[in-house]
Amino acid sequence: MKKLLIGLLLLALSFGIIVLLYSNQKPPTEPEGLEYVEVVWVSDGDTIICKIDGQEVTVRLIGIDAPESVHSNPDLNTEEGKIASEYLKNLLTGKTVGLEYDKEKVDRYDRTLAYVWYKGELVNKKILEEGHARLMIIPPNEKYADYLEMDYVAPNYDADGDSEAEEAAGEGIEEAEESGE
């Protein structure tokens with residue numbers, strides 16, 4: 001009985017330490033060895049154009065997916081996409097940022113894949129926190145997956161760019177109008 005009690009106590013203590021360590025996780029700090037580049041312009045809420053070695057290079061931010069704003073099919077562009085794009089334009093256009101690469105540096109569309117650092121902050125995470133993008137982890141680029149997932153709440157945009165919360169609110173209004181409330 002005494003061994004069982006000690007075992008349970010050790011198990012509870014171990015669990016408590018794990019929870020404490022996870023809850024006190026600090027955000028990553030801007031690492032050394034970044035490639036510093038100028039943001040020439042912002043294409044949309046998850047893609048920027050940077051001047052690298054004298055060339056304009058398309059850089060896709062790793063770990064996020066913003067709603068469309070400049071898709072060749074205008075039906076796919078959304079108001080949320082325009083807002084996300086405007087947010088990133090205001091934050092980064094004309095600024096010097098640090099690029100950090102993961103295991104896969106270029107995607108199938110020949111875009112450079114990077115984590116973007118600005119003023120000591122991971123921009124990829126900031127966009128998620130502001131609700132301008134969804135989390136999208138694509139292996140093997142998972143260096144900051146746990147950090148990006150931490151405290152993440154999905155905006156839940158549908159194909160029309162409306163969030164599920166907005167749709168539910170709209171349905172509630174329609175139901176109230178039908179019942180005379």
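So, β4 first: this strand gives the largest share of the lining of the largest pocket, 3 residues. Please keep in mind that this is a predicted model. The pocket itself holds about 350 Å³ of space. In total 17 residues line it, and those closest to its centre are Asp107, Arg111, Leu113, Met136 and Ile138. The elements that contribute two or more lining residues are β3, at 55-61, and β4, at 63-65.

What kinds of residues make up the lining of the largest pocket? There are 9 nonpolar, 2 polar and 6 charged ones.

Now let me stay with Asp107 for a moment, one of the residues closest to the pocket centre. You'll find Asp107 in the loop between β5 (96-100) and β6 (112-118). Is Asp107 buried or exposed? Asp107 has a relative accessible area of 15%, so it counts as buried, the cut-off being under 20%. The side chain of Asp107 also makes a polar contact with the side chain of Arg111, at 2.7 Å. And if you look for Val59, it sits 48 residues from Asp107 in sequence, while the C-alpha atoms of the two are 9.9 Å apart in space.

Let's zoom out to the whole chain. We have 5 helices and 8 strands here, and along the sequence they run α-β-β-β-β-α-β-β-β-α-β-α-α. Of the 181 residues, 34% are buried. Take the contacts between residues at least 6 apart in sequence: 57% of these join residues at least 24 apart. Finally, the surface: the chain exposes about 11500 Å², with carbon and sulfur atoms supplying 54% of that.

Thanks, everyone!

Technical notes
Residues numbered from 1 in each chain as written. Predicted model: local features only at pLDDT ≥ 70, side-chain atom pairs only at ≥ 80, totals over all residues. Heavy atoms only, no water. Helix = DSSP H or I, 4+ residues; strand = E, 2+ residues; numbered from the N terminus. Buried < 20%, exposed > 50% of the residue type's maximum accessible area, 1.4 Å probe, protein only. Polar contact = N/O pair within 3.5 Å; in protein donor to acceptor, adjacent residues only side chain to side chain. 1 Å grid on protein atoms, 1.4 Å probe; cavity = no way out; pocket = protein on both sides within 12 Å on 5 of 7 lines; lining within 4 Å. Points joined across faces, edges and corners; volume = space filled by probe spheres on them. Nonpolar A, V, L, I, M, F, W, Y, C, P; charged D, E, K, R; others polar. Contact = heavy atoms within 4.5 Å. Areas by Shrake-Rupley, 256 points an atom, 1.4 Å probe, with all protein chains shown as cover.
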